[in-house]
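Colleague: I would like to learn how to read a few features of a model. Please take them in turn.

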Amino acid sequence: MSKRYDALVIGAGPAGASAAYWLAQNGHSVLVVERKRFPRDKTCGDGLTPRSVKQLTDMGLAEPLSDFHRYDGLRSIAHGVTMELAWPQHPDFPDYGYVVRRRDLDEMVAERAVKAGATLWQGCEAIEPTLENGIVTGATVKHKDTGTLENVSARYVVVADGANSRFGRALGTTRDRKYPLGMAVRGYYRSPRHDDPWIESHLDIVDRSGDHVPGYGWIFPLGDGRVNVGVGLLSTFSGWKDINTSKLMETFVDVAPSYWGLSAETAEGPVTGGKLPTGGSVTPNVGPTWIVAGDASGSINPFNGEGIAYAYETGRMVAGVVDQALTSGDGLALQQYPELLVETYGLYFKVARLFVKIIGNPAVMRELTRVGMQSRTLMEWVLRIMANLLRPDEIGPAEAAYALVEKIVALTPEP
Ligand SMILES: Cc1cc2nc3c(=O)[nH]c(=O)nc-3n(C[C@H](O)[C@H](O)[C@H](O)COP(=O)(O)OP(=O)(O)OC[C@H]3O[C@@H](n4cnc5c(N)ncnc54)[C@H](O)[C@@H]3O)c2cc1C
């Protein structure tokens with residue numbers, strides 16, 4: 001009879017690798033199935049904030065991480081004003097981030113999980129859940145090189161299969177379409193400023209004819225001769241469905257500051273895109289024997305499109321409750337997870353969702369960035385809120401953000 005694992009993890013991205021690492025670290029038998037083979041690309045901005053660095057450090061990866069490009073903070077550009085904002089000092093998070101291609105990052109973390117004791121099957125896709133008396137007992141896994149199907153049995157199944165989450169949908173998860181959904185594309189460019197100490201974000205994009213184009217842009221230096229360039233927008237932006245992100249990218253590359261040296265000639269590889277499910281938009285996120293982490297649970301921060309840190313964090317939370325279930329023998333331990341998510345992110349995400357709804361109005365967005373860019377103190381505060389990096393001794397993030405939203409509402413021109 002084939003082995004029964006304590007946990008089967010579906011997907012070896014940030015959420016799956018983190019869940020597998022923390023479960024293996026606690027002595028449980030874990031199988032991770034990943035449909036691709038490492039090293040594999042994943043469309044992303046490749047930006048790691050201090051929240052991500054903390055999680056990676058906790059997984060013992062501070063040293064290998066230090067081989068990559070470390071940066072000090074955010075250069076924010078809007079309305080012709082440029083402001084360099086260092087990451088804040090914080091008791092729990094470092095004051096620096098990294099930019100690491102997902103090709104390198106995800107392999108590094110998956111290897112770490114394996115070192116901790118997890119088994120990783122690459123080129124293996126979980127096709128569908130297996131059920132006994134209506135209860136999920138594992139998955140049918142396809143070995144992609146041979147086409148062989150194999151039933152894997154596990155006490156608990158961790159769903160970490162990313163934004164489209166086909167496996168999660170097969171279990172009945174759905175994304176609430178009222179929640180903001182991000183759409184973003186990125187490409188790599190060779191650049192003389194590849195080792196810039198700031199990641200750069202453009203809060204407004206103005207084309208050559210002087211027209212404001214909805215969306216935001218970023219340029220993240222990789223330190224290896226290249227930069228990651230991308231544009232994004234949210235479903236809360238008015239008319240978002242009519243916006244062609246590839247065209248938006250062309251416009252951004254055309255108008256981006258010349259010091260980056262971006263052009264069709266310096267482009268490397270194709271421009272690719274993806275969806276960003278935000279704000280805890282996917283439910284249910286737990287069943288009797290299965291539990292969902294990362295993008296599959298819609299855990300991206302609506303404020304800034306950051307999802308890697310939240311994937312590591314939710315993967316770790318999932319590992320925590322699965323560990324309790326395994327140790328106590330009581331599967332009900334899993335049911336703490338929704339409450340844990342609400343405690344950790346509930347109010348913050350709620351405010352973020354409200355905020356992005358408000359800035360969906362282009363006039364408000366312009367007014368906000370115009371006012372914000374006149375005050376360094378305000379922008380430093382905005383950065384701390386948006387990156388979820390307020391110190392515990394400061395006023396609670398939610399209250400602070402509510403106050404910010406109130407300010408924005410006050411600035412909103414009457415219709
Ligand atoms: C254009 C773009 C830019 C972004 N920029 C940033 C950024 O700069 N910083 C940031 O923090 N976040 C960014 N994000 C968000 C970030 O990429 C995600 O939040 C993050 O990858 C979520 O990790 P995950 O593990 O949940 O999912 P994923 O990273 O998508 O990993 C899921 C894994 O599961 C595997 N898989 C899927 N289905 C199966 C199956 N059935 N069987 C086996 N394996 C399966 C996939 O191959 C994949 O490896 C960006 C997203 C996009 C689209």
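**Reading helix packing and burial**

Modeller: This is a predicted model. One backbone detail to begin with: helix H10 is followed by Asn 388, whose phi is positive, near 55 degrees.

Colleague: Which residues of H10 are buried?

Modeller: In H10, residues 376-386, the buried ones are Met 379, Trp 381, Val 382, Leu 383, Ile 385 and Met 386.

Colleague: How is the packing of two helices described?

Modeller: Packed helices are described by the angle between their axes and the distance between the axes. Here, H1 (residues 14-25) packs with H4 (residues 102-115) at about 20 degrees, and the axes are 8 Å apart. H1 is therefore roughly parallel to H4, since angles under 35 degrees count as such. The crossing of H1 and H4 is left-handed.

Colleague: Which residues make the contact of H1 and H4?

Modeller: H1 contributes Pro 14, Ala 17, Ala 20, Tyr 21 and Ala 24, while H4 contributes Asp 106, Val 109, Ala 110, Arg 112 and Ala 113. By class, the contact of H1 with H4 has 8 nonpolar residues, no polar and 2 charged.

Colleague: Is Ala 7 buried or exposed?

Modeller: A residue is buried if 20 or more other C-beta atoms lie within 10 Å of its own. Ala 7, in strand S1 (residues 4-10), has 26 within 10 Å, so Ala 7 is buried.

Colleague: What is Ala 7 in contact with, leaving aside its neighbours within four places in sequence?

Modeller: The contacts of Ala 7 are Leu 23, His 28, Val 30, Ala 154, Arg 155, Tyr 156, Val 158 and Val 322. Separately, Ala 7 and Thr 137 are 130 residues apart in sequence and 10.0 Å apart in space, C-alpha to C-alpha.

Technical notes: Residues are numbered from 1 along each chain as its sequence is written. This is a predicted model: local features need pLDDT of at least 70, side-chain atom pairs count only at pLDDT 80 or more; totals for chains, interfaces and linings use all residues. Axes are lines fitted to C-alpha atoms, for helices over the stretch in contact, and angles run from 0 to 180 degrees between N-to-C directions. Helices (H or I, at least four residues) and strands (E, at least two) are DSSP runs, numbered from the N terminus. Angles under 35 degrees count as roughly parallel, over 145 as roughly antiparallel, 65 to 115 as roughly perpendicular and the rest as oblique. A crossing is left-handed if the near helix is turned anticlockwise from the far one by less than a right angle, and right-handed if clockwise. Two residues are in contact if their C-beta atoms, placed from the backbone, lie within 7 Å. Ala, Val, Leu, Ile, Met, Phe, Trp, Tyr, Cys and Pro count as nonpolar, Asp, Glu, Lys and Arg as charged, and the others, Gly among them, as polar. A residue is buried if 20 or more other C-beta atoms lie within 10 Å of its own, exposed if 12 or fewer, and partly exposed in between; C-beta atoms are placed from the backbone.
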